[in-house]
Amino acid sequence: MQYIGDGSVRSEEQASQAIDRFEAEWDERGFGLFALELKDGGAFIGFTGLSRPDFMPELLPAVEIGWRLAPTHWGMGYATEAARAALDFGIRLPTTPDIVSICQVGNDASVRIMQKIGLAFDRRSVDPTCGREVRVYRLPG
């Protein structure tokens with residue numbers, strides 16, 4: 001959580017509320033976040049998918065590709081594989097949205113994933129929810 005919001009760890013109740021919001025997004029928008037599980041054994045390792053970056057109104061009506069994985073699964077290519085699948089899903093939506101990805105400055109691992117899936121640097125901005133500087137990458141085109 002170092003690079004998410006203000007970096008604080010979510011409580012169990014906050015996590016539960018977030019899952020409820022994730023599920024509601026599927027019903028309301030036809031897209032959302034996917035649970036990530038290992039093929040071998042089905043262990044839950046995180047999530048990826050599409051969401052509206054409502055916390056940054058300057059980017060709307062864009063859709064954001066995001067991911068979070070358990071630290072034990074970092075550096076194994078899972079986030080890149082999952083982000084590519086989310087991008088593929090996003091460009092196949094009935095109306096292809098403007099697709100972005102956002103990360104806090106210093107989160108170089110996420111920048112590498114954004115570049116690997118074909119996103120290009122768009123701008124620096126500030127996340128108004130926490131005052132931290134972020135980088136915005138965008139799907140060209």
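User: Is Trp 26 buried, partly exposed or exposed, and what is its relative accessible area?
Analyst: In this predicted model, Trp 26 has a relative accessible area of 29%, and that makes the residue partly exposed.

User: Which ring does Trp 26 pair with, and how are the planes set?
Analyst: The ring of Trp 26 pairs with the ring of Phe 34, with the centres 5.2 Å apart and the planes at 70°. Planes over 60 degrees apart count as edge-to-face, so that is the name given to this pair.

User: Where do Phe 34 and Phe 89 lie?
Analyst: Phe 34 belongs to strand S1 (residues 33-37) and Phe 89 to helix H2 (residues 78-91), so their pair ties together parts that are 55 residues apart in sequence. Phe 89 is partly exposed too, with a relative accessible area of 27%.

User: Which residues do the ring pairs link into a cluster?
Analyst: The cluster is made up of Trp 26, Phe 34 and Phe 89.

User: Switching topic, where is Phe 44, and is Phe 44 buried or exposed?
Analyst: Phe 44 lies in strand S2, which covers residues 44-51, and with a relative accessible area of 57% Phe 44 is exposed.

User: What is Phe 44 in contact with, apart from neighbours within four places in sequence?
Analyst: With those neighbours left aside, Phe 44 is in contact with Ala 35, Leu 36 and Glu 37.

Notes. Residues numbered from 1 in each chain as written. Predicted model: local features only at pLDDT ≥ 70, side-chain atom pairs only at ≥ 80, totals over all residues. Heavy atoms only, no water. Helix = DSSP H or I, 4+ residues; strand = E, 2+ residues; numbered from the N terminus. Buried < 20%, exposed > 50% of the residue type's maximum accessible area, 1.4 Å probe, protein only. Contact = heavy atoms within 4.5 Å. Phe/Tyr/Trp six-rings, centres within 6.5 Å; stacked < 30°, edge-to-face > 60°.
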